[in-house]
Amino acid sequence: MFDVVGLTMSADEITSIAHDYQTLRHQADELHRTGADGIARDTSTPSAFKSADAADPIRTRATVPTIQNTASSLRDGTTTAVELTNDAFTRIDRLDARLGAYVSTFRDAALQAAERADRELTAGQDRGPLHGIPLAIKDVIATVEGPTRANSLVAPRQWRSDGDATAVARLREAGAIIVGKTTTNEFALGLNDPATGFPMPRNSWAADRYAGGSSSGTAIAVASGLALGGLGTDTAGSIRHPSALNGVTGLKVSLGRVSTNGTVPLSPSLDTVGPIARTAWDCALMFQVIADHDPSDSGSTRWPVPRYLDALDGSVQGLRIGWPKRYFFDTGNVSDPVRTRVTAAISALREAGAGVAEVSLPNADMARIACQIVLLCEAFAYHRDDLVAHWATYGRYARGLLARGALYGGADYVQAKKIAAAFDREVSEAMRACDVLIMPTMPTGARLLMETDPMMMDRWSSASFTSQWNLTGLPACAVPIGFDGVGMPVSMQIIGKPFDEATVLRVADAYQRLTSFHLAAPAMPGD
């Protein structure tokens, strides 16, 4: 074993980090050069992915429930909260050993809450459309029913989990039923290490394909009918990534819009909490409940909270869509099926009355790198003492990525923040001429597990279309738009102006009224 900056590593681990150092250093140096001379640079290199055999024909469930139609069923008496909750647990019992969506479930507490929800509805006490709806919570967000473990054997440092996170408390107050805690990449960062004993999340459409991360379990649960919606976190794409790969809708909110109080931090200057659900309407409903100022959270904003559902009028007439062709459509590893599907989605919105114009974001790739540096530096700072004391207790992929944060210096972090400010100005200028930007959420559909780099170095190119929006703090929504050539879901990403989730959700909802891709769901054994 070897000691490196206080971390006890094996020779293999040092070799792995040394192998990646040249790439990390090159990217950081390009960041410094861009800041010095203002010349935009693309450092992404297209990857040669393994070809996959044609998939079986897509089989979808005959009916796919949403929060919206289920809420109606609760009120017209065709179902009850107890029935919904029992149905969720029946599917969990039958399917989750294959899917790995949940790390823990709260059957007794959930059924008690469902019984209470039914009594209240019968007595005329209606808490709103989430009343009696089963939801799932990512296992970095605290719930009173059980411990928050972040898919790790290392306890979160200097962090209490003896109550609900603010967002969970607000969902519960609105009558939601908390079914359980869902799987995540370890500490929302490292690819799951089977040696830690936590469930391995699997793509809901094909078990041999990657489910995305880090809010893997919540996206899988929604896609597979193990919950009607849930919470995830998004620091560089962690809501949008698994939502895209599993064919559901996921909203990354404006920085500070939803309290992160009670959430295990990854990178505090980038972290957000947001909803994953079947539809934009469902996401808007959940977002309405959890979005507001939290006095206990110093990062929580006081920006007024509009009525998001009122914005979903089905129309995009007169809205202006920005099309950032460079990088997002012609480089960054984007595949032909994804490019074709996103272009078709933009055309559908144009035909529905939206205007479309090309905009320029020349430093999109530098923003990706800047986000990577900020994230890894802040994550390493949070975990450093525990890494020194418990190196071998961390999963090998999480500790490897965290250790890579030690390869950056203070000058790199400062320069990344400067690039963030410059890119924010660049985006603000581009969005003066438009209301939203639209681009792919992911460059490809879900790739085979064997193609996934276990150290996640390729994740930064795979997430190359999402991390920029964490850096700017802007809202972004992943929306299903069809399937690729092997039957995996494809997604577009809608970016809005600061705190203008209303317009983002309006565009997403309007598109979903024009299409039915968001209602496609994998047919599970026994369906």
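**Close-up 1. Helix α6 in this predicted model, spanning residues 216–224, is mostly covered.** Of the nine residues in helix α6, nine are buried. The buried residues of α6 are Ser-216, Gly-217, Thr-218, Ala-219, Ile-220, Ala-221, Val-222, Ala-223 and Ser-224. Just after the helix comes Gly-225, whose phi is positive, at about 80°.

**Close-up 2. An open sheet of 11 strands with mixed pairing.** Read across the sheet, the strands follow the order β3-β5-β4-β6-β8-β7-β12-β13-β11-β9-β10. At the edges stand β3 (102–105) and β10 (355–358), each of which has a single partner strand, so one side of each is left without a neighbour in the sheet. Ignoring direction, neighbouring strands of this sheet are turned against each other by 30° on average. Helix α4 (residues 107–122) packs on the sheet, where it touches β3 and β5 (177–182), and the direction of α4 makes about 155° with that of β5. Helix α16 also packs on this sheet, touching β7, β11 (436–440), β12 and β13 (489–496), and its direction makes about 15° with that of β12.

**Close-up 3. Strand β7 and its two antiparallel partners, β8 and β12.** In general, strands of a sheet pair through backbone hydrogen bonds, and the pairing is either parallel or antiparallel. Strand β7 (residues 249–252) is joined to strand β12 (residues 476–483) by three bridges, and these two strands run antiparallel. Within β12, Cys-477 is the bridge partner of Leu-251, while Ala-476 is the bridge partner of Lys-252. Two bridges join β7 to strand β8 (residues 272–277), again with an antiparallel course, and in β8 the bridge partner of Thr-249 is Ala-277.

**Close-up 4. The packing of helix α8 against helix α16.** Two packed helices are described by the angle between their axes together with the distance between those axes. For α8 (residues 280–290) and α16 (residues 501–514), the angle is about 155° and the axes are 8 Å apart. The helices α8 and α16 are therefore roughly antiparallel to each other. On the side of α8, the contact is made by Ala-280, Trp-281, Cys-283, Ala-284 and Phe-287, and on the side of α16 by Glu-501, Leu-505, Ala-508, Asp-509 and Gln-512. Sorted by class, the residues of the contact between α8 and α16 are seven nonpolar, one polar and two charged.

**Close-up 5. Helix α5 crossing helix α8, with a view of Ala-169 in α5.** The axes of α5 and α8 come within 8 Å and cross at roughly 110°. The helices α5 and α8 are therefore roughly perpendicular to each other. From α5 the contact takes in Ala-167, Arg-170 and Leu-171, and from α8 it takes in Met-286, Val-289 and Ile-290. In the contact of α5 with α8, five residues are nonpolar, none is polar and one is charged. Ala-169 lies in helix α5, which covers residues 166–173, and this alanine is partly exposed, with a relative accessible area of 32%. From C-alpha to C-alpha, Ala-169 and Thr-143 are 8.3 Å apart in space, although 26 residues separate them in sequence.

**Close-up 6. The largest nonpolar core, and the surroundings of Met-492.** In soluble globular proteins, nonpolar side chains tend to be buried together. The largest nonpolar core here has 139 residues, and those with the most contacts inside it are Leu-231, Ile-438, Trp-469 and Met-492. Helix α11 (residues 364–390) gives the most to this core, contributing 15 residues. Not counting residues up to four places away in sequence, the residues that Met-492 touches include Val-342, Ala-345, Leu-349, Ile-438, Cys-477, Ile-481 and Tyr-511.

**Close-up 7. A second, separate core, with Ala-244 among its residues.** This core has 13 residues, including Tyr-210, Ala-244, Phe-483 and Val-486. Ala-244 is found in helix α7 (residues 240–246) and is buried, with a relative accessible area of 3%. Leaving aside neighbours within four places in sequence, Ala-244 is in contact with Thr-441, Met-442, Pro-489 and Ser-491. Ala-244 and Ala-117 are 127 residues apart in sequence, and their C-alpha atoms are 32 Å apart in space.

Definitions and conventions. Residues numbered from 1 in each chain as written. Predicted model: local features only at pLDDT ≥ 70, side-chain atom pairs only at ≥ 80, totals over all residues. Heavy atoms only, no water. Axes fitted to C-alpha atoms, helices over the stretch in contact; angles between N-to-C directions. Helix = DSSP H or I, 4+ residues; strand = E, 2+ residues; numbered from the N terminus. Parallel < 35°, antiparallel > 145°, perpendicular 65-115°, else oblique. Contact = heavy atoms within 4.5 Å. Nonpolar A, V, L, I, M, F, W, Y, C, P; charged D, E, K, R; others polar. Core = buried A, V, L, I, M, F, W, Y, C linked by side-chain atoms within 4.5 Å. Buried < 20%, exposed > 50% of the residue type's maximum accessible area, 1.4 Å probe, protein only. Pairing = 2+ DSSP bridges.
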